[in-house]
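Please open the structure in a viewer and keep the selection tool at hand.

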Amino acid sequence: MSKAPQPSGLSNWYLPGIFKGLWYTLTNMIKNIFNRKGMPTLNYPEEKYNYSPRFKGSHVLTVKKDGSLRCTACMLCATNCPAQCITIEASEHEDPEVEKFPIKYEIDVLRCVYCGFCEEACPVDAVRMGPEWQTPGLAGSNFNYDIQKLAYRANLKGGIQSSLDDKERHEAGI
Amino acid sequence: METKVLSEHYDKPSFKTLSGYKELSGYEDLAKALKMDPKKIIEDVKAAGLRGRGGAGFPTGVKWGFLPDNGEPRYLLCNADEGEPGTFKDRLMMERAPHQLIEGMIISAFAIGSKKSYIYIRGEYNESIRILEKALKEAYDDGLLGKNILDSGFDHDMDIYVGAGAYICGEETAMISSLEGLKGQPKLKPPFPAIEGYLKKPTIVNNVESLAAVKYIIRDGVDGYRKYGTEKSAGTKLFSVSGNVVKPGNYEIPLGMSMKELIMDIAGGIKPGRKLKAVIPGGSSTPILTAEEALKVDMDYESMAELGTFLGSGAVIVIDDSNCMVDLLGVLMHFYHHESCGQCTPCREGTGWLNKLVHSILKGEAKMKDLELINGVSNHMMGRTICALSDAAAMPALSFLKKFRDEFEYYVKEGRSKIKGVSYAEVNH
Amino acid sequence: MPKLTINGTEVEVKEGATVIEAFKKMNEDIAHYCWHPGLSIAGVCRLCMIDVEGARGPQIACNTLAKEGMVVTNQSEQIKDIVKWGMDFHLINHPLDCPICDQAGECGLQEQYMKFGQYDPEMDQPKVKKRKVVDLGEKIVLDSERCILCSRCVRFTDEVSKTKELGIFNRGDRSEVGTFADKPLNNKYSLNTVDICPVGALTSKDFRFRQRVWYLKNDDTVCNGCSTGCNVKVYYNEDGLFRVTPEYNEDVNGYWMCDEGRDIYKFANKDQRLLKAKKYDGSSWQEQTAGKAMQELHHNLFDDVKTNCSKVGVVFTGQYTNEEYADAMQTFKSLGVASFFEWNDTAENVNDFDDLLIRGDKNPNTKGLQDEAANHSGLKKLADAIAAVNSGQIDTIFVMAPENIAVYPNYQSTYEALSKAKNFIWFGANKTDGFEKTNSQNTYLIPMKSYIEKSGTFSGAKAIQKFNYVTTIVAGALTLSEAMTLFQGKEIEFELRSKPMKTLKNNHFTSNRGKL
């Protein structure tokens, strides 16, 4: 454990600290005028930061090849969520191959801590943390995201394909 | 040389009729037995060392001795299901000499004090069923069955019950279940059939040949029966020799004769231009023998046990070097998968798994670890189940893999048979 | 009473018991699927393997009689290996259905794999495909692929319900459980097969997909569907009650319960309950809290009842506890009221019994009511009450209504008939739309607590059983004892009814949660 540097001597006075700060600002300003590319700040919104593919942003519910929801309402994500922000209601599907699907899947994003446990828990790659982080809402807007918003919002262009397909699995005999 | 004790008159067509039978062999041994003390007959059978001819080789006299003395009605069941692949000796007896079986059964029934017996015959033996039914009718008409047989005061009724195509019904408790009208699935043992069997009464289940041999113990006496065979495996036995021999068929030899003599002399040997490769000694459920082992072994229970296999039902299947062992194992595994009754989990799932594994080798899709898996699955199917079908499926798999491993490894590596040079991708087993 | 040694510890069992019963008595772990203490021995799963000293090889524990001096272990390496492979054989054709299967969380395969399996699966051949989502009648759905063919359901329909509908068809690994020609499985005890099925092959249509079992707590209580009083476990969480399963009781119900009793959670749930007291004064309905309503009754009616006690009647149904009857009858006796009536719509079937569990009297506590009334002035019939109300002989009537409305076909007509009294006070747990049709200008509807929300005693036909409080569904409701206390003008005491949380059994993964 290191000790924080304690003020002593000249730095106990008020004015030398001010001059030091101003000198720092001046030198950085001159550096930035002559070296635009070295600046650590971005001109948002014209320039945006590129997050890694593992970035945990807004949730995405993936879809199957025919566009229907991949989620099988197993409720592992809701069980694993440390903030208990996922609410799911399951229902019977007419197709016996599908058998179980959610009629209600809601994530309260104001409770969500973006930990990614739901993505880890899901056995069928149904819920993912996508790359979007710009999700503003005005006062009074609904922060309980339902299936329409999680799976079929405009940014997703019809739905993101899940990487686990049941039909292939059944045909392989597993 | 063949020693025709049971099969002495099988070549005479009149032997299957009652009049022909009475002329040649007659029901005199039945008359002799009915005058003896039933307990003496059991003692004689024990002393003669007759062992069950159906496959297990359990001493018949000892089995009869397990019956309790409680005055309950007891039943005698003749196991004519003959499901063991490669066996066709009982069929010969039932078609050529039905009265031999009937006489043996009446004597055995008298010995154990049974008033009712059944012949459980497999449904596929249409000809045998027809001939047996005719013979039974002749016996009833002649007073050899029914009330007061030959004025001895002994009543006995005998019926035929036809099976419906299940190998598992050759197992004694499954046969009893099938006879009771239930699904043909084995029952838990204990209680054993000798204590609680058909309709919960004491029941003895014996093979066709064992019951017929009882007649000859009565006719020749204990010493006469023991004239042939060895000390522990007494008497003669019918062997069904099939496969790549010149003269396949049923042959009766004294126990203890060498397999070399049986295959090479009596059955005519291997077809010219080919060599002996392997022999399955006692029906497909017994571990296979390589050619060297086969040419050195004797046909009796002890010698077979020494080599880790069994005398079994006496079906000797001779295999020459034009056969691919992997293909043969595929045929056997398909059979056991089809015939498993599905009651207990290791057999039900294990036979299916073995079948799929061997067929994946045949299709060229297997890996080396699958061979170890065959060993693992087979080892864990043995001794864990209600009946022995699971062992019967596992033992060929283990022995084929152990003794012909090079063929299996070649098939896995190359994707085709070492012998035939082709893959059985379109197997239609 | 043979004594045998299991894994080093001695245990004594009764004559004729098998070794697996000895294991269960000692709470030792042993893998098994097909054995059930209430059914015959099948011996088909081959998992309960044990080493008996002196025997030829491993034996199954469920078919081995316990003998004096036997030494049994199931902890050797060989036995563990056998059980591991046994689990492997069970799972090689089992479909990957855990996300959509209701049994997840209480599944025999999941639990026993974690305890005895823990191997790496090596089966990469195609699995056997069978029928899924087969409709087996109005209560049960069958999934043949998940079935491990333990034959418990088949033995149940053979031996317990004796209706013999289920059987196993085909041979080998094509075997499937089913009914002949897909006839429906509609006997009165069919939902027990769902309980005993160790996997999710048989699922109840009523419970299907409604909730995951790890979200449910469970507690013991007594069924109030009929006078047998089977011991049951109710499963609930903050959204209400979800299902009912039987608990073992040697004297009352054995291991089973009937299908009618499975519905007893429905009338206790919030959507069917009267939440607040209602008052009708001739022109409009008003809502108020139950306590306020009882205080009003005390101010308005208490003295009237005392002075005109011969014109007051009380109608009881057999669905309250013995303690409540004692309190209520005592209260009214002290006021001088002597007209107690019994309302039982299933009275003519009181002696029906189907030789298994279902009795004709669909009230849990008729006997308790009659016993308590015998200490006071006895019970008259409901018809007398209706006649007395009609003729004006009775002008104030208190009705202790049933909560299981389904077995009272004359519920609505009785309500309307009795409401002809001048003052009509109805104590009931349920709400119906028919409450609008009251004939009295002074109607009070007081919400009552359901049997799940109180402790008490039921005197059933077989035994007098005490049951405990499970949970609170409607906090604003009162028990009959509390209502009587308030009617007398006294105050009721509230106790904080918090209990330790009881969830499903933990395994060694969940018990380590939270620790490093």
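**A sheet in chain C**

Begin by selecting residues 140-142 of chain C: this is strand β7, which pairs with β10(C) in the antiparallel sense over three bridges. The model displayed is a predicted one. Within this pairing, which residue of β10(C) is the bridge partner of Val141(C)? Show the side chains, and the partner to find is Thr203(C).

In chain C, three strands lie in the order β6-β7-β10, forming an open sheet with antiparallel pairing. Residues 134-135 (β6) and 202-204 (β10) of chain C are the edge strands; each has a single partner strand, so one side of each is left without a neighbour in the sheet. In general, strands of a sheet pair through backbone hydrogen bonds.

**Domains**

Now colour chain C by domain: residues 3-91 make up domain 1 and residues 271-487 domain 2. Taken over C-alpha atoms, the centres of these two domains of chain C are 53 Å apart.

**Where chains A and C meet**

Finally, display chains A and C together. On the chain A side, 15 residues are in contact with eleven residues of chain C. Select residues 86-92 of chain A: this strand, β2, supplies the largest share of that side, three residues. By class, the side of chain A that touches chain C comprises eight nonpolar, four polar and three charged residues.

Notes
Residues are numbered from 1 along each chain as its sequence is written. Chains are lettered from A and ligands numbered from 1 in the order in which they are written. This is a predicted model: local features need pLDDT of at least 70, side-chain atom pairs count only at pLDDT 80 or more; totals for chains, interfaces and linings use all residues. Two strands pair if DSSP finds at least two bridges between them. Helices (H or I, at least four residues) and strands (E, at least two) are DSSP runs, numbered from the N terminus. Domain bounds come from an automatic or database domain assignment. Two residues are in contact if their C-beta atoms, placed from the backbone, lie within 7 Å. Ala, Val, Leu, Ile, Met, Phe, Trp, Tyr, Cys and Pro count as nonpolar, Asp, Glu, Lys and Arg as charged, and the others, Gly among them, as polar.
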